[in-house]
Amino acid sequence: MTAGASLRSRGAALVLLLSTVFGPATSLTGQEVSGSVPTEPIVVASKPFAESFLLAELFAQRLEAVGIPVDRRPGLGATDLAFRALRTGAIDVYPEYTGTGLVAILGLEPEGDAADVYGIVSTRFMERYGVRWMPPLGFENSYAIAVRPETADSLNLRTLSDLAAAAPDLVAGFSPDFIGRPDGLPGLAATYDLRFEETRPLLQSVKYPAIAEGAVDVIDGYTTDGGLDRYGLVVLDDDADFFPPYEAAALLRPGLAAARPDVVAALAPLSGRLDAATMRRANRRIEVDGQEPAVVAAELLAGLSLGAPGATTATPSPDVADTGLAEFIWSRRGETARQTLRHLWLVAIALGAATLLAVPLGVTLARRPTVAEPVVRATGVLQTIPSIALLAFMIPLFGIGVGPAVIALFLYAVFPILRNTWSGVRDADPDAVDAARALGMTDGQILLRVRLPLAAPVVMAGVRVSAVIAVGTATLAAFIGAGGLGDPIVAGLALSDERLIISGALPAALLALVVDAGLSLVESAVRPRGLSED
Amino acid sequence: MSTHTPPRRADAAAVLEADGVSHAFGEVAALQGADLRVTDGECLALVGESGSGKTTLLRCFNALVRPSTGRLRVRGRAVADSDPVALRRSMGYVPQQGGLLPHWTVGRNVALVPTLLGRSNPEAAARAALERVGLPAVEFADRWPRTLSGGQRQRAALARALAAGPDLVLMDEPLGALDALARAELRHELGALIRDAGVTVLLVTHDLHEAAELADRIAVMKDGRVLQADTLDRLRAAPSDPYVTELLDRGLGSAVAP
């Protein structure tokens, strides 16, 4: 084999490896690589809670039933992340609720009538964003403010107006989404003059156990949640009609309806076919019984005669909820290995790029004290941006998927390496540096032979810190569809499946330990032998 | 008083010359018109209190400090016109803490200047220099600086300053970091080494006993100026300023140095 051929085959092998890691047809920016139009997969996404997973799976299986390939991206951040991804064309379809569209996205006042709300959002979304609302699926899923039955009995609570009187002695646990959005707590508090003793942000999946154990007294749920039934909670009546109607519907990205009439035709028969009772049962099977959204969705579609002509694609596993944790994790070992590899790739690329930038920059800054402080401080500010916020900023610029995730991880990784390189080179044994200069070493010789070798352990310590941060932060990359070990964590949180959460969190923690231990070996290797070992 | 050679004739060639040298670090004036002349083969000690400018004046001669005004010459050539790197390689340097590179062995440290100068076999020069300062090369060349005692570290620094055989060595408190016992022991050896090597030495010290034993002449500095530079006897006999007597009395007592 000639050298050129060998290089080419090595390049091909690399491309093959990258594509197996990142999934086929995904470029580094997370945009789909364009192919011929009919075979291009439709990107179906969801928000991170059980019903959204189920509806997205329903859309995906319906599209597949008529032969349209699908790329699934479940569990995108929350409303803001998912809608931003749709608006910018990073995803094609996700399930949304009309009331959410009206108040949280358009910023309008809540309206009482479901048909009016659908009319407003479908017109306004098309005008403002080019985004199309499919006709509603047939059920409403509004917010449900719920309390334990004992609380309702002892304080005589039936309505939200009753709650307002008792609120100063109660602790509320609301989802962060609900606390922030105008059709959530701010509007609710203003309408009913609600003042709780304390309001704690709680994730969807921990709210129900938290209220059942008495850690909080009031939660926000969805009217179709399985957890309301399971824990026997009392839903308080919205007697001032604050919450707008939340009808579920498929939301299509700008231009999709015109470019892909086959998608519209495939999803249209779902409209008006799902009632609230059906959804509550379906959600309960996922949230309480631990069944796969894919299995539940397949049965729903089959019940509507909208499924694939043959058997359902997903294999039903009725005993899945009964298997032990170890058995469950073992049964997912292939998937876990794939996700671990992808996780490691996300971290390795971000960390490698950050090191290539931060080490030379840190060396340069060590010789320019006047600009060094502002530059290092600026990268430090990046560190203070919450991960989810940074990931959200990435979407309009880089879409969703691996690209924006790697860029976000890269931005987080720069600061520890830069700071350590800068201070390590600057503060390298001043007596040794002074003697080296006084005996006739040039600036370049001092940098390469004295400062850098003495700073090497400090630089590596920075790389280690960045690596551990990156392994942890990369789990959040699942919120923007980048995959990795965050996938089972996000899905597990959404589906209230602890085993699924652990099947992602445990390997992520182990990976952090292994990466840290590996880099500590590198740190020892670059530590000059003359320096003390402690 | 030790038995060192008498001062050179006044017309001996000046190796180091400073004329009206002033320098400030920011707002702080370190040198304010300092004059100094060190002749070929003599050992001159710069003494004075902390902040009197002695270290700054020493660092002017190897271009580590670039004074704002005044003229500096080394071997008759203006420092301002010299290549600083070549200038520094032509003279030895012994700092207070030794300044050994901690990630290099003692042997490699001592071989530094011969290596920078591109000499053949710098290792051999290093081994010879180690032997001269009383550190047997077989025992010390492969050790790490952190495994040496304070006294051994200063000996190694001295070996490094002498390894390339310079005619001029700058020493900035070479014994300042040592405990009293090591300092006394090394002081005697240092005196012998300087005489044997026949080098010109500019020595900064705050220890007047050290100055009295090692130096041919002592230059008393105050507030960035050299008040007087002469032999100890003549500084005693004919001080140019009351401060000269005050400093000598404070540093040596009225008795002669031990």
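Within chain A, 78% of the contacts with a separation of 6 or more join residues 24 or more positions apart; two residues are in contact if their C-beta atoms, placed from the backbone, lie within 7 Å. This is a predicted model, in which local features need pLDDT of at least 70, side-chain atom pairs count only at pLDDT 80 or more, and totals for chains, interfaces and linings use all residues. Residues are numbered from 1 along each chain as its sequence is written, while chains are lettered from A and ligands numbered from 1 in the order in which they are written.

Chain A has 24 helices and 10 strands; helices (H or I, at least four residues) and strands (E, at least two) are DSSP runs, numbered from the N terminus. Of its 534 residues, 48% are buried. A residue is buried if 20 or more other C-beta atoms lie within 10 Å of its own, exposed if 12 or fewer, and partly exposed in between.

Helix α20 of chain A covers residues 402-426. In α20(A), 22 of the 25 residues are buried.

Most residues other than glycine have a negative phi. D193(A), not a glycine, has a positive phi of about 55°. D193(A) sits in the loop between α9 (185-192) and β7 (198-201) of chain A, and counts as exposed because it has 10 C-beta neighbours inside 10 Å. In chain B, R75(B) has a positive phi near 55°. The loop between β4 (69-74) and β5 (77-78) of chain B holds R75(B), which is partly exposed, with 17 other C-beta atoms within 10 Å.

Chain B is divided into domain 1 (1-91 + 167-258) and domain 2 (101-165), with bounds from an automatic or database domain assignment. The C-alpha centres of these two domains of chain B are 25 Å apart. Where they touch, 11 residues of domain 1 are in contact with 12 residues of domain 2. Helix α8 (residues 180-197) of chain B gives the largest share of the domain 1 side, 5 residues.

Terms used
The expected span of a helix is 1.5 Å times one less than its number of residues.
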